[in-house]
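Good morning, colleagues. Please take a moment with the sequence and the structure before I turn to the packing and the ligands.

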Amino acid sequence: MLYVVLFFLLFSLLLYVILAGADFGAGIVELFSSKESRIITKGTVYRVMGPIWEANHIWIIIVIVILWIAFPDFYNVLTVYLHIPLTLVLMGITLRGVAFVFRHYDAYKGRLHKLYDWMFRISSLVTPVFIGLTFGAMVSGKLIITNNYAAYSFYEVFIAPWFNIFSLLVGFFFMALCAFLSAILLIGEAKKEDINIYLKKSIVATVLVILSGFFTLTYGYLNDIIFVTDFIENRYSNYLILLSAILIYPLLRSIKKGHKVTSRGLAGAQVILILTAALIAHFPHLILTSTSEIGLLDNVASEKVINSLGIALIIGGSLILPGLFHLFKSFKIIKVLDL
Amino acid sequence: MDNLDAARLQMAFTLIFHIIFACVGMVMPFFMIVAHKKWLNTKNPIYLTLTKSWQRGVAIFFVTGAVSGTALSFELGLLWPEFMKHAGPIIGMPFSLEGAAFFIEAIALGFYLYGWNKLPEKFHWFTGVIIGISGVASGILVVAANGWMNAPSGFDYIDGKFTNIDPVKAFLNDAWFTQALHMALAAFTAVGFAVAGIHAYQIYKKKQIELHKKAFKIAITFAAVAAILQPISGDLSAKDIAERQPVKLAAMEAHFETEKGAPLFLGGIVDEENQEVSYKIEIPKALSFLAFGDFDAEVKGLNEFPKEDHPNVAIVHYAFQVMVGIGTLLMFAGILFFVSLKKKKWWELNKFWLAFTILAPLGFIALEAGWIVTEVGRQPWIIHNIMRTKDAVTPMPGMIFSFYTYVVLYTILTVAVTWLMRRQIQFLNASKI
Ligand code: HDD
Ligand code: HEM
Ligand code: HEM
């Protein structure tokens, strides 16, 4: 059953990254658009994301719930030592969600929409940076785990681990990944005359992903960040990254040719490959502190707990996944919100 | 303010905020599907306008509820890491089922909001029903988790370690049923009176009278039924507490001394230092009867328990008085509504509409007061008789800044949502039907 639980954890995490990532990316693409294409993007984003928007964000809740039930010690470290970046993520999610509703459900259209729009775009930009930052902080090797808080300053324990160049680079990398996912998603949904906008954007985003990934790794390598050196030396991680590099070629081709399903599939595959490569480099030791490694599987909850969680996940999954599938399928038909 | 108090305040503040949105998300879908059904049956366009207007309300509240709920699920760990480390595996069961319920709700909402004229009529309506059912289910599930904090079960506690965990037993703890029942009724009472009150006010101001009367009737019918059942369920809760958390009962009633045939106090000012309640009305032997169904039963007073196990008596007592006072009032209001169905003349009186306008916020006030009774009454324990709140709080200093950040953020949200709702109503009143 532990494997079932781990599977659902990984599955939910990947889906969150891909679906919510594309969703964040939509705001980023909108932010970096010219005035006219912003309006087009806003319309397209709403058409595509509207019906599934809410569901996309529940994956993070599933991740959190699985962590706290099955891996309480691991979760405990995250919540105590990454309190501040997680709070920033929350603020971002809150403002973004609210801005999204306000701009689409206000009964009247008016000047205020400018405010909602900017709130939406800015929070779409910063939230993924904070999420990436949190991941970066987990593996930066700068965390100090201690019971003796008096021996350290507040800055050392609660700020330095995430407020550093490496974590920021990971944050930017994740942001670029979101923009990339979204640009590719939008190509398939745009009207004929607008497709070029997103073609250009997706190429720019692809280049950005590659560049920021490269910078992150180089910086980490030069500064002896254990996670990066291990990542570079791990054979499986290398294969996966190699595979993802090779896939860039068909991806760019299918983007150019306008094969929307293939390019979406390939873009999703890219993200899965990159994330899996990062995860297996150190699995199950996913938190690296200045002195030790903390494993996901240290002090797992008791067997009975894992079993009942596994059963709950299987039952929940078998109810939810078909429904979700239908929603995704139908949203191609159900396009325009008619209020 | 120390770290613990800041964390407690933040928890209280965010929950008090979340529960408003969560309740609307639980109850509004029912109003919406009733209006929708009436539109399908009668093809009266008023019902269509009403359905669509309520649907926009549901969407706005759903998202605010969802983001504040997401914040809460992080906060449980961020503020109370020691609690979650031990409680997480034990009460994870209702939370993971709740996750499933939310998911189903979000999927159904996607279908419902975007399905107009695209899905088969019946199926479209049915997705609305699913929104309602899964909303209530998720409410019941979280409350079961809260019930466990009041009546911990499903584990052995030996030498500070939680062993032998049985998630199902923990889920079906002694408090889950009474609390979930009372909460579900409270949600219908609070939202029903609030919605009915808003429409009553529009009628009072003579705007779109026909539409608002239909809306009023749908909302108040749910609310009146719930409000009439509420005191009965509250009495069940009180009997439960008398067994399970006698300190809480003593604090609710501000009883310092153990007594046989204890009187019930109405109102009064609590003086914790001198252990007195002045300016109260006493109903002889009523408390013994309410708590144990026997006029001469012994009710334990606060002095029976060590001082460090007392909650803040004044807050709990006042909050309880507010809840019960409003509960009684709303029960009569519910009865009044059913009588008014026979006396159609009343519906022409402006006073009638004014009365329901004034009642609008009371349900929510009672609901928040009730939660304060439950939560503050549980103090100083985060898990009753097992773990103290002060041992659960995060070691990170500076929680007060976190608290202020949330206050600012949620205040802005509240203002914005209120304002959006006003615009919805203006829009509704301006539309031609
Ligand atoms: C509309 C809201 C509302 C109304 C009118 C009432 N209540 Fe209530 N009450 C709640 C809303 C609520 C609540 C907010 O939903 C609580 C908090 C936790 C819970 O399960 O329900 C609650 C808790 C609560 C508790 C504590 C339960 C616990 O700690 O486990 C008791 C003893 C009562 N109530 C009793 C009553 C009585 C005797 C009422 C008679 C009129 C009453 N309530 C009306
Ligand atoms: C009595 C207390 C509570 C009730 C009745 C309740 C009920 C609800 C409901 C009905 C929703 C759906 C949102 C909507 O339809 O508007 C919701 C959202 C949510 N609640 Fe609460 N909740 C309560 C307390 C909590 C607590 C303590 C937590 C934290 C652990 C929590 C976590 C969540 C989450 C994560 C969501 C978002 C799910 C989504 O995206 O739909 N809730 N809550
Ligand atoms: C939504 C309705 C709720 C409201 C309005 C509410 C209110 C409060 C208040 C006022 C406090 C502060 C008590 C104090 O420290 O004096 C508190 C604490 C807390 N509540 Fe609730 N509560 C609600 C539901 C829940 C639910 C459903 C859960 C859990 C499943 C929960 C978990 C907690 C925890 C963990 C604390 C902090 C520890 C403590 O102070 O004991 N609450 N809540």
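Phe74(A) touches Leu67(A), Met138(A), Leu286(A), Ile287(A), Ile294(A), Gly295(A) and Leu296(A), leaving aside residues up to four places away in sequence; contact here means heavy atoms within 4.5 Å. This is a predicted model, in which local features need pLDDT of at least 70 and side-chain atom pairs count only at pLDDT 80 or more, while totals for chains, interfaces and linings use all residues. Residues are numbered from 1 along each chain as its sequence is written, chains are lettered from A and ligands numbered from 1 in the order in which they are written, and side-chain values use heavy atoms, without hydrogens and water.

Phe74(A) is also among the residues with the most contacts inside the largest nonpolar core, which has 237 residues; Trp54(B) and Phe216(B) are others. Such a core is a set of buried Ala, Val, Leu, Ile, Met, Phe, Trp, Tyr and Cys residues joined through side-chain atoms within 4.5 Å, buried being under 20% relative accessible area with a 1.4 Å probe and protein chains only.

I turn now to ligand 2. Ligand 2 lies between chains A and B, and 29 residues surround it, each with a heavy atom within 4 Å. A nitrogen atom of ligand 2 is 3.0 Å from a side-chain N or O atom of His18(B), and an oxygen atom of ligand 2 is 3.0 Å from one of Glu105(B).

Finally, the iron atom of ligand 3 has Glu375(B) (OE) as its only protein donor, at 1.9 Å; donors are N, O and S atoms within 2.8 Å of the metal (3.2 Å for Na, K and Ca), and because water is not among the atoms, the site may look incomplete.

Conventions: Buried means under 20% relative accessible area, exposed over 50%, partly exposed in between (1.4 Å probe, protein chains only). A polar contact is a pair of N or O atoms within 3.5 Å; within protein, one must be able to donate a hydrogen and the other to accept it, and residues adjacent in sequence count only if both atoms are side-chain atoms.
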